[in-house]
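Biologist: I would like to learn how to read some features of a protein model. Please take them one at a time.

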Amino acid sequence: MSTEIRVPQLPESVADATLVTWHKQPGDPIRRDENLADLETDKVVLEVPAPANGVVSEIRVPSGTVVTSGQILAVIEEGAAASTAAPRPAAAPQTAPAAASVSAASATSPAPGAGSAAKTAAPTKAAATNVPAEGAREAGKLSPSVRRLVEENHLDPAAIPGSGRDGRLTKADVVGYLDKKPAAAVAVAPAAAAAPAAAAAVPSPAARAPGRPPVTGARAEQRVPMTRLRARIAQRLIEAQSTQALLTTFNEVDLTATQELRARYKERFEKERGVKLGFMSFFVKASIAALKRFPVLNASVDGNDIIYHEYYDIGVAVSTDRGLVVPIVRDADSKDFAALEKEIADYARQAREGSLAIEDLTGGTFTITNGGVFGSLMSTPIVNAPQSAILGMHKVQERPMVMNGQIVVRPMMYLAVTYDHRIIDGREAVQFLVAIKEALEDPGRMLLGI
């Protein structure tokens, strides 16, 4: 019996998706619930599972196509077995762009990754990846980002030890496994094919302008389209800066008391609550206390109206290989330190694995971003519209400070809050940041609610 595979129902906020990867080709056997393809939306990557056991008989949409809810993607024959005698039908055409070498004569500006096109060009995926023995980890249960790494490098997922929940394979596991393997030879056939054309485009020494140094080595470029997530991030950032009157104010916080409290209880906390005590929960708690005092920073603009949110859905920015995502901690004011740490850690793991749901990224009344994990000392974060403010954390650095007439060394962090000046006055923004500073410098106040 033939079964049509259709695009799942997309959320109301998502109009369409891009089919980025086929994991099966015509003639391949497939098991029930095994992932057939990956769909990339503006926010997350969705999997298309097979509804039954069978064989893929037809692929109707090539990779790179924009699809909508209910559109037919493929057809499978339920209960059929893969035929080894019959020739396999040709695979669906791939529309993903290939890296193109550009000669020195036609290049207008150097690319950030110049000279590394051979390393960054995506290798052609095999029609079928290595399938582990029965009882081993199944490729269909891998997250999209992990599966892509496994398939591109032709790895056996069963041979890689997993560190995720229930032994699940994570992207870090695959990257670590690749780092330990000897570097594989890079295919050079495309580069070799392009060499004559590139050589012909390079002018002879006699034709070069006098005094100009000779061109040595490859000067390759490649043009690739933005992913949907990157394009959406770019669009939202431009919208925020063009529709809001953004202004940033700064302060600095002495984290001595917070560090001492964390050091005093972190082992007992982890033992009794089952999660490590980090710094993010302190900043979430301090932000909520400040938002309660200055509710306009938890508000948003709708036309000529200001919407004051009487709940606190805090977005925590997470950097991934695909771009920045902001999962939302719902009703953060009702959660204790342990619940906050667990939820933030789970979101960070899911973001890196590419397994966040669209619902995890929707909404939010205030955002916290931490550039300090990359070494940033100071920045001006951009508001996550339609929110009206964002808190920027930065690197903790020991600096000499004057305390009671004495020079002492303190662990200091610069804080930044960017806000929409249309509805938030400078006085409120500055006092909001001072309230966060005071809460972190005396964390006992957060525990007592004063």
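**Reading the model**

Modeller: Strands S2 (residues 17–22) and S4 (residues 35–40) run antiparallel and are joined by 4 bridges. Strands (E, at least two residues) and helices (H or I, at least four) are DSSP runs, numbered from the N terminus. The model is predicted: local features need pLDDT of at least 70 and side-chain atom pairs count only at pLDDT 80 or more, while totals for chains, interfaces and linings use all residues. Residues are numbered from 1 along each chain as its sequence is written, and side-chain values use heavy atoms, with hydrogens and water left out.

Biologist: Which residue stands opposite Thr18?

Modeller: Glu40 in S4 does. Two strands pair if DSSP finds at least two bridges between them. Here 4 strands form an open, antiparallel sheet in the order S5-S4-S2-S7. Strands S5 (45–49) and S7 (66–67) each have a single partner strand, so one side of each lacks a neighbour in the sheet.

Biologist: How many aromatic pairs are there?

Modeller: Rings of Phe, Tyr and Trp (its six-membered ring) pair if their centres lie within 6.5 Å; planes under 30 degrees apart are stacked, over 60 edge-to-face, and the rest tilted. The count is 2 aromatic pairs. The ring centres of Phe366 and Phe432 are 5.6 Å apart with planes at 70°, so that pair is edge-to-face. It links distant parts of the chain, with Phe366 in strand S16 (residues 366–370) and Phe432 in helix H9 (residues 426–441), 66 residues apart.

Biologist: Are Phe366 and Phe432 buried or exposed?

Modeller: Buried means under 20% relative accessible area, exposed over 50%, and partly exposed in between (1.4 Å probe, protein chains only). Both Phe366 and Phe432 are buried.

Biologist: How is helix packing described?

Modeller: By the angle between the two axes and the distance between them. Axes are lines fitted to C-alpha atoms, for helices over the stretch in contact, and angles run from 0 to 180 degrees between N-to-C directions. Helix H7 (residues 280–293) packs with H9 at about 135°, their axes 9 Å apart. This makes H7 oblique to H9; angles under 35 degrees are roughly parallel, over 145 roughly antiparallel, 65 to 115 roughly perpendicular, and the rest oblique.

Biologist: What about the backbone?

Modeller: Most residues other than glycine have a negative phi, and most peptide bonds are trans. Asp33 has a positive phi, near 70°, and lies in the loop between strand S3 (29–30) and S4. At 53% relative accessibility, Asp33 counts as exposed. A cis peptide bond joins Ala385 and Pro386, with omega about 10°.
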